[in-house]
Amino acid sequence: MPSFQFSRRTVLTSAGVAALALAGCSDADPLGTADPGQDPDTTDDASEPAAGGPIRVGSAGFTENEIIAEVYAQALEEAGYTVERNMQIGARDIYYGALTDGSVDIVPEYSGNLLQFLDPEATAAEPDAIISALEEAVPEGLRVLDPAKAENKDSWCVTSEFSETNGITSLADLAGFEGTLRVAGNPELAERPYGPPGLTEIYGVPAESIEFTPIDDGGGPLTVQALVAGDVDMADIYTTTPAISDEGLVVLEDPENMIIAQNVVPLASDAFPVDAEGIIDAVNIALTTEDLIAMNARNQGDEKASPATIATDWLTEKGLLGG
Amino acid sequence: MNLAWVSANWPRIWDLTVQHALIALVPVVLSLVIAVPIGWASHRSRLARRTLLPFSSILYAVPSLPLFVLLPVILGTRILDPVNVVVALTVYGVALLVRTAADAFDTVGLATRDDALAHGHSPGQVFWRVALPLAGPALLAGLRVVSASTLSLVSVGALIGVPSLGYFFTDGYRRAFPTEIWVGIIGTVVLAAVFDLVLVAIGRVLLPWVRATDRTRA
Amino acid sequence: MNQVIAALQWLADGANWSGPGGLLARTWEHLWYTALALVVGAVVAVPLGMYIGHTGKGRTFAVGVSGAVRALPSLGLLTLLAVSMGLGLGWAVVPSTIVLALLAVPSLLAATYSGFDQVPDDVVDGARATGFSELQIVGRVELPLALPLMVGGLRAAALQVLATATISAYLGLGGLGRFILDGLSVSDYPRMLGGAIAVGGLALAVDGLILVVQRLVVPRGVHVAVGPTDA
């Protein structure tokens, strides 16, 4: 079998062959879980990535978050770290619990929602103010790394038809809406300050005239469908969802800043090695809101690309992988 | 079906299939080990029968999701620990199998038992040499149901972040992608078929007389 | 245990019982989903089981299909139907009912044909000799004698459907599953466990009710052990 040879490798144990075979049929980073000690970039480095075992990367229960987490994971692997993945854990309350009990070490977060989660009384609304408030609010054992410019907010959307018929372009117009306002979003929204409670407290929509339907798809296609089909009047859809422009949805203005800035920000536990922060920082510096929209489009659109593929392509495009 | 997606994501599919199988394996084995003594006790004692059997059928009606979440509190495990799912599924397996075991020992019949005792077997010997082998076919049939139901329930763990084929259900739902959900369903059914074949094969080895009774009415 | 106590306190709080999202309304929805699924499941399973039991044909087929259906993951089927049927939120009850009805079919089917099977052949032959038509044999001889086992099958099916109906909430429907999923999404364990206890309690009540019905339909002097139906 003359064509089947690993010419550049001198020593190959049978385990090594098996590992290569596995790497060959995986679409993950080819360096994969290689022993960091053998990576020329890290051998002379004082940093000991393997000291605390693998870095466990988790994500919230929706695909955009998994894509970002996958980007972090592959960037860490590129730098020689061993990574364990635990994707789509669930809602914030659950993955936050996983972070505090040590099941995962780092999760991509969104600054504003995280702040309101940690400190319901927080008043900061601007990106920088939120980050500094966040640094205060994060309990011992956890820390936030540098945020990305990229932002993905919750946003209250209506169809253009609904907007025109009722003359509603802003959340402030909702108080004048007659009848029952049927709204949809993820189940936890029912109790979030930017959910129905906020609509009542901040925009004066009577609580009894809001009918909330929980849809467990993270503002995904089914939520969009419910809105477009007229099953609900208004839905919480994340701003990086391609369907907002595809379906011509109207994002209601939020003059009172009920929904505060939501920059992508990694939330890490003390188990996350300090010297790996630079790798995550490099990713966040490069990540833009447009990137998120494009990545979501590949994931939700016809291509249905997997988070791993999307992450690899993005990292390669930004010169953060294989360069 | 989007076959390109299937081949592009094959490593992930394989990985989750293996995890799914591993999580299901322990509960299937444990439920047999635990249900047989309870079933035997229910067969021997009226009190045990009156209390254990109704309790086990109600246990089966407890929704799985809260049980998954409650167990870390009780066991002191981590939220994402697959142990939670394993323990919960064992509870269901036992609940499902206890009644089958009790009924199986009942059908072995008092006559057989008394006969064996009369021949000088100790009660322990009666259990191991007479009752258990005779109840074997019914226990195997029950265990096959437990295996199918366990494999199907593992996927609910995806709602609390325990990786299994259930990931494809929630992720496929979130992006309205039927192919991905199909992959999860087919994977689960294939695993169920494999588990079933293995159980039947084990049954053939341990209970060689099952074949003869296979076609008669239960 | 603190969590369980908190859950009981949650259940004891009258405020959680009233209103459109309260326990009473959710219990009612839950029963409605369950009953609907049982009716749909029975419409499929009972005639089929009667045919198999009466003619003795198709038994292997029924066992095979029941086994395959048992292996189908409900959550997968639910999400698949929801995504592929494209009915949207307003009709989410359709995929949910299909999944739950499918869950009821194996128990009902097996109970029905086993019930018909155990009617002694000489009883059937006797009826035939007396001049009963096949339809009369089914309706007047086999069905009454099979009824106890069939109700046993209904009991098993009802318990399973009732417990699984919680996943309907995943499609945005109501029912007691709402407390479980909503509680999960905000880590409100008392609410989640309270919902679970409510499902268990409801199962107990429904089980007891069917047990009473079962006692009533067993012809006097006949005692039939109702265990789980054969696999």
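Helices here are DSSP runs of H or I with at least four residues, strands are runs of E with at least two, and both are numbered from the N terminus. UniProt, in an unreviewed entry, lists these residues of chain C as "domain: ABC transmembrane type-1". UniProt positions are given in the numbering used here, feature names are shortened, and annotations may be inferred rather than shown by experiment.

Before I continue, a note on the model. It is predicted: local features need pLDDT of at least 70 and side-chain atom pairs count only at pLDDT 80 or more, while totals for chains, interfaces and linings use all residues. Residues are numbered from 1 along each chain as its sequence is written, chains are lettered from A and ligands numbered from 1 in the order in which they are written, and side-chain values use heavy atoms, with hydrogens and water left out.

I turn to chain B. Its secondary structure consists of ten helices and zero strands. Along the principal axes, the C-alpha atoms of chain B fill a box of roughly 65 × 40 × 25 Å. Of its 218 residues, 53% are buried, meaning under 20% relative accessible area, with exposed being over 50% and partly exposed in between, for a 1.4 Å probe and protein chains only. The accessible surface of chain B is about 9600 Å², and 69% of it belongs to carbon and sulfur atoms; such areas come from the Shrake-Rupley method with a 1.4 Å probe, and for residues only the protein chains shown count as cover.

The unreviewed UniProt entry places "transmembrane region" at several spans of chain B, including residues 150-169 and 181-207.

Chain A has 13 helices and ten strands. Buried residues account for 53% of its 323 residues. Chain A exposes about 13900 Å², of which carbon and sulfur atoms supply 51%. For residues 54-317 of chain A, UniProt gives "domain: ABC-type glycine betaine transport system substrate-binding", again from an unreviewed entry. That span of chain A is 39% helix and 15% strand, and its end C-alpha atoms are 26 Å apart.

The buried residues of α5(A) are A:S111, A:G112, A:N113, A:L114, A:L115 and A:Q116. They pack against several elements of chain A, among them α4 (92-100), β3 (106-110) and β10 (264-269).

Finally, the interface between chains A and B. The contact, defined as heavy atoms within 4.5 Å, takes 31 residues from chain A and 21 residues from chain B. Together the two chains bury about 2000 Å², 51% of it on carbon and sulfur atoms.

Key: Buried area is the accessible area (1.4 Å probe) that two parts lose on being put together, summed over both.
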